[in-house]
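Good morning, everyone, and thank you for letting me take a few minutes of the meeting.

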Amino acid sequence: MHTSHSNIRLRIIKDRLFLALVVLLSFAMIVPLLLIIFHIVKNGIGVINWEFLTALPRPMGETGGGIANALAGTMMLIVLASLIAIPLGVLAGIYLAEQKTGRIASGVRLCMEVLQGIPSIVIGIVAYAWVVISMGTFSALSGSVALAIMMLPVIVRSTEETLRLVPDILREASLALGVSYARTVLKIIVPSGLTGILTGILLAIARITGETAPLLFTAFGNPYMSLNVLKPVDSLPLMIFNYATSPYPEWHAKAWGAALVLVVFVMGMNFTAKVIAKRWKVQF
Amino acid sequence: MIKVSFDSIFKTVLKAVGVLMLLLLAGIFVTLVIDSLPAMKAAGFAFFTGTTWDPVFKEYGSLVFLVGTLLTSFLALAISLPFSLAIAIFLGEYFRSGLVSSFLKSAIELMAGIPSVIFGMWGLFVLVPLVRQVEMQFGVAPYGIGILTASLILAVMIIPYSASISSDVVNLVPADLKEAALSLGATRYEMIKKVVLPSARSGIFAGVLLSLGRAIGETMAVTMVIGNANILPTSIFSPANTMASIIANEFAEATDAVYISCLIEVGLLLMMVTLVISMIGRYIMHRMKI
Amino acid sequence: MKKALLTVIALVAALAAAMLPGARAEAKELLGAGATFPFPYYSKLFDTYNQEKGVKVNYQAIGSGGGIQQLKAKTVDFGGTDDFMKDKEMAEAGAPILHIPTCLGAVVITYNVPGDPAIKLTPSLIVDIFLGRIEKWNDKRILDVNPGAQLPDMNIATVHRSDGSGTTAIFSDYLSTVSAEWKERVGAGKSLNWPNGLGAKGNPGVAGLVKQVPGAIGYVELIYAVQNKMPYADVKNKSGVFIKPSMKSVTAAAGVAIPDDTRVSIVNTAAKDGYPISGFTWLVFYKEQNYAGRSKEKATDLANLMGWILHEGQQLAEGLDYAPLPAEAVKKAEAILKSATYDGASIVQ
C-alpha cells in the first residue's frame, strides 16, 4: 500500500514539475523580446529628435544629419508596392473565393503558397533580373516590385478567406433581385469582407516594411532625398544594415534610432490591423 | 457591334489575374533556371559537391553554403523546439484563454513582427559579446560571431512560427480523448505525454518544417552575425556562410558572368530546398485541415 | 469606415502623383557605385559638389567588384574601383572604358589588441598571419620583430572582405608580389578563397568587425583606422625600412612613371620612404557615352564631375588622409577625360 501511495505522490510531483517547466520555458521566450525592445528604446530614444527625422545624412565621419531620405524612401517603396500588390492581390483573392474548385484556381492557390515560401533574397535576384537590368538602373520601382511579390500571398490569402465567410444568403438575395453578378461581387460581397481585406493589406505592409534583403540590389540606397520612382532610394532597413555594420559609433547610434522608428512603425501597422479586425468585424 | 456585358468582362479580368499569378511564379522559376544555365554548364555537378568557392581560380562549389545553411537552421530548430513546444502546450492545453494567454499571444505576435535586420543588429551588438564570453570559457577562438550566434538569433526568430502553429494543433486534440485519459486516473502531465503529444505529432512536425523553411531562407540577421567565411565549419563556434548570406554579400559585386550565374544557381538551390521543406509542411497541415 | 478608406485612397493617389517622374522639376543626378576604399573621400566630395554645383551624385559603396559589374550591366553612370580593370575585364565590357584616378590611399593592417600596442610587421609575418600559420599574438615570430611589445597570449582572428573588393585586390596584389606561396595558394583578386578568418562587407564592415572582436586583425583604408582611432601597423618595405602609413609615405610610393591610361599598381614600392601597400583608386566609365539611351546632358554632367574631381576636388583629399594625385597623374587623367566622346564628338574641349 505504501509503495502505491508514494507512487501517486511521485506522479503528482512530476505533473507539477511539468507545469512549472512549461510555464518557465513559455515565458523564457519573452526575455529576448524584452531585451530587444529594451535595447532599441534605450539606445534609440536619445537619438531621435526633429533633426534626425528631417535632415539628410552628412558625409561619412561627420556628425549630425538624419534619416529623412530613408524615411521618404521607405514610404515610397511601401506606397508603390501597395499600388502594385493590392489591386492584383484583391482581384486574385476574389477570383479564388468565387472559384472554389477548378484547375486554375487550385493552381493559383498552390502558387500563392509557394510564393509565400520563397526566400526574400531570391525575390531580390528576380527583381534585379526583371526590372533593374531591363530598365538599366536601380530604382525605387524595382524594389517595389520585389516587395509587391512578397505582399501578394498575404493579401490573396486574407481576401479569399474573408470573402468565403460572407454567407451565400447575401449573394442569393442580391442575385434574386436581378443585380448582375459583377455588381453583386463588387457591391455586396467585397464590401462585407472589407475589414478582413484591409487587415490582410496592413499585415502585408507590416511584412515588407522591415525587409532588407530584396532591396540590396534593387532600391540600392541614396543619400539624397529622391521622390523619383525611376531612381534609387534609401530605405530604413537598408540604412540600419549599413550603419550597424560600420565602425562609426555615431552611425551605430543612428542605426538604433532608425531601428526604433522602424519597429514603432511596423508594430503600429500590426496593431492597427488587429484593432480593425476586432472593431469593425462584420458579424454574420 | 457586339455588346460585351460587364459581367463577362469582370469574370475575364478575375481569371486573367489568376493566370497572371501562375505566370508570375513560372516567370520567377524560369528566370532563375535560365540565368543559372551558364553556371550549370561551367561547374556541372561539382557545383553541388565542391567545397571550394574561389572566384580567383574560378572554382565554384556550393556545398559549403548548403552545409552552413542546414547546420544553422537545424541547430536553431533544436534550440527553439523546447520553447515552442512549451508555448504550444501552454496555449493549447493549460491556458487556452484568459489574460495570461492573451499576454503571451501578444508577445509572440510582437516578436514575429520585428524585422530581421533588427534581430541582426541586436545580435551583433548584444548577443555577440555574450557568445564571445562563452567562447573564452571554452577556450576557442573568441570571434563571437559564427554558427552558434546565428543559430541563437534564428531560434528566437522562428519560435513565434512553430509555437503558433503547434499550439493550434494541440488545441485541436479532441476533448473526449483527453477526458478519457483523465478519467482513467492519468495526471495532466501523463495525459499530455500519452495522448496530446502523440495525436498532435504530425501537426507539430508540420509547424517545425514551416519554421525550418523560414530559417533556411533568412538572410539579413544571419549575414550580420555568421562571419561570412566560405569554409566548411569545423565546430559550432566556427564562422560560416549560408546560401542566403553568400548571395547578399556577393550578388551585386560578382564580376564575371559565370560567377553571377553561380550565385543565381545558389539562389535556385535555396529556393528548391525551402520549397520542398515548406511544401511537405503544408501538405501535412492540409491533411489535418488546419 | 468608407470615409476613412476614401481618405486613405486619396492620400495614396496624391503621394503616387507626387512621385511620378516629370511631375516636378528633375534635379540633376548621377549614379555611381563601387569601391568602399575611397568612400569617406567621395562622400565628402559629392556632398561638396552638390552644394556647389547642384548635381546630386549618388555613390553607393558596394565594393570595387560591384562597381565594375554594375557598370558593365549598365545600371550605373560610373563605377569606382581600386583595382584597375585588367585587359580581359575591359574586353568583356563590350566597349572601351576610361579610368580616371581620383586619389591615392593606403591599405593599413589594423588590429584589436588590448592596450593598443604599436606593432611592426614584415611581409612574411602578414602572409603567415593571414594564412593562419601564426595563431597567437605572442607568437615568437611577432615578438622577434617587435621586441619589448606587450603582446598577450590571445588568439588572432583575421578579418577579410566578404564582398568583391579593390582593397582586397591591393592587399593580395601586394602579398602575391612579396610571397610566392601566397601567389600560388591564394592569389590576387577582388574576391579570394580565404583559408580562414571572418568575412565582413565593405571597408566599414571590416573596421567594424575588428573593433568588435578582441584579437582581430584586418586590412582597411587608412582613413577608416584614423577616424575610428584604431591602431595600425608599420610595414617593412622593399628597402627594409618600417614605414608608418600616412599621406606622405603613400605619396612617396606613387613616385613612379604613370602610363597613359593610368592603370598602374604601386604596391611594394622601391621608394625608400614609401608605404608598400598603397594604391590609386579610380572612377571608371564608358568612353563613348551615347549608350543605352543616355542623354548628352548626362554625359556632360559626368565629364564635368570628373574634371572637378581632378582639380578642385583634390583639395578635399588631404583632410581625410588620402594623398592627392601627383601632377603627372592629373595631366594624364585630363588627356583621358578629353578622349571621352558623345556620338564620337569629344565632350570636354
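Predicted model: local features only at pLDDT ≥ 70, side-chain atom pairs only at ≥ 80, totals over all residues.

For the complex, the predictor gives an ipTM of 0.92 and a pTM of 0.92. In chain C the mean pLDDT is 90, and 92% of the residues of chain C reach 70 or more.

Let me turn to chain B, which has eleven helices and two strands. Along the principal axes, the C-alpha atoms of chain B fill a box of roughly 85 × 70 × 30 Å. Chain B has 290 residues, of which 54% are buried. Taking the contacts in chain B between residues at least 6 apart in sequence, 73% join residues that are at least 24 apart.

Chain A is assigned two domains, domain 1 (2-32) and domain 2 (51-283), and the centres of these two domains of chain A, taken over C-alpha atoms, are separated by 44 Å.

How many residues of chain A are in contact with chain B? There are 65 of them, and they meet 62 residues of chain B. Several helices of chain A supply at least two residues each to this side, among them H2 (30-45), H4 (68-98), H5 (103-117) and H12 (249-279). The largest share, twelve residues, comes from H1(A). By class, this side of chain A divides into 50 nonpolar, ten polar and five charged residues.

Chain A also touches chain C, with 27 residues of chain A in contact with 31 residues of chain C. Here H4 and H6 of chain A each supply at least two residues, and H4(A) gives the most, with three residues. The side of chain A that touches chain C has 18 nonpolar, eight polar and one charged residues.

Next comes the nonpolar core. The largest nonpolar core has 304 residues, and those with the most contacts inside it are Met151(A), Ile240(A) and Ala259(A). H4(A) provides the largest share of this core, 18 residues.

I now move to chain C, which is divided into domain 1 (28-105 + 279-346) and domain 2 (106-254 + 265-277). The centres of these two domains of chain C, over C-alpha atoms, are separated by 27 Å. Between them, 25 residues of domain 1 of chain C are in contact with 25 residues of domain 2 of chain C. On the domain 1 side, the elements that give two or more residues are H2 (39-53), H3 (64-72), S4 (97-111) and S11 (278-286) of chain C. The residues on that side of domain 1 of chain C divide into twelve nonpolar, nine polar and four charged.

Is S4(C) mostly covered or mostly uncovered? S4(C) is mostly covered, with 15 of its 15 residues buried. S4(C) pairs with S11(C) in the antiparallel sense over nine bridges, and within that pairing Leu104(C) has Phe280(C) as its bridge partner. S4(C) also pairs with strand S8 (residues 216-221) of chain C, in the antiparallel sense over five bridges, and there the bridge partner of Val108(C) is Val220(C).

Finally, there is an open sheet of three strands in chain C, in the order S5-S9-S10, with mixed pairing. Which are the edge strands? They are S5 (120-121) and S10 (242-243) of chain C, each of which pairs on one side only. Strand S9 (residues 234-236) of chain C pairs with S10(C) in the antiparallel sense over two bridges, and Val235(C) stands opposite Ile243(C) in S10(C).

That is the end of my tour, and I am happy to go back to any part of it.

Notes: Residues numbered from 1 in each chain as written. Chains lettered and ligands numbered in written order. pLDDT = per-residue confidence, 0-100. Contact = placed C-beta atoms within 7 Å. Helix = DSSP H or I, 4+ residues; strand = E, 2+ residues; numbered from the N terminus. Nonpolar A, V, L, I, M, F, W, Y, C, P; charged D, E, K, R; others polar. Domains from an automatic or database assignment. Buried ≥ 20, exposed ≤ 12 C-beta atoms within 10 Å, placed from the backbone. Pairing = 2+ DSSP bridges. Core = buried A, V, L, I, M, F, W, Y, C linked by C-beta atoms within 7 Å.
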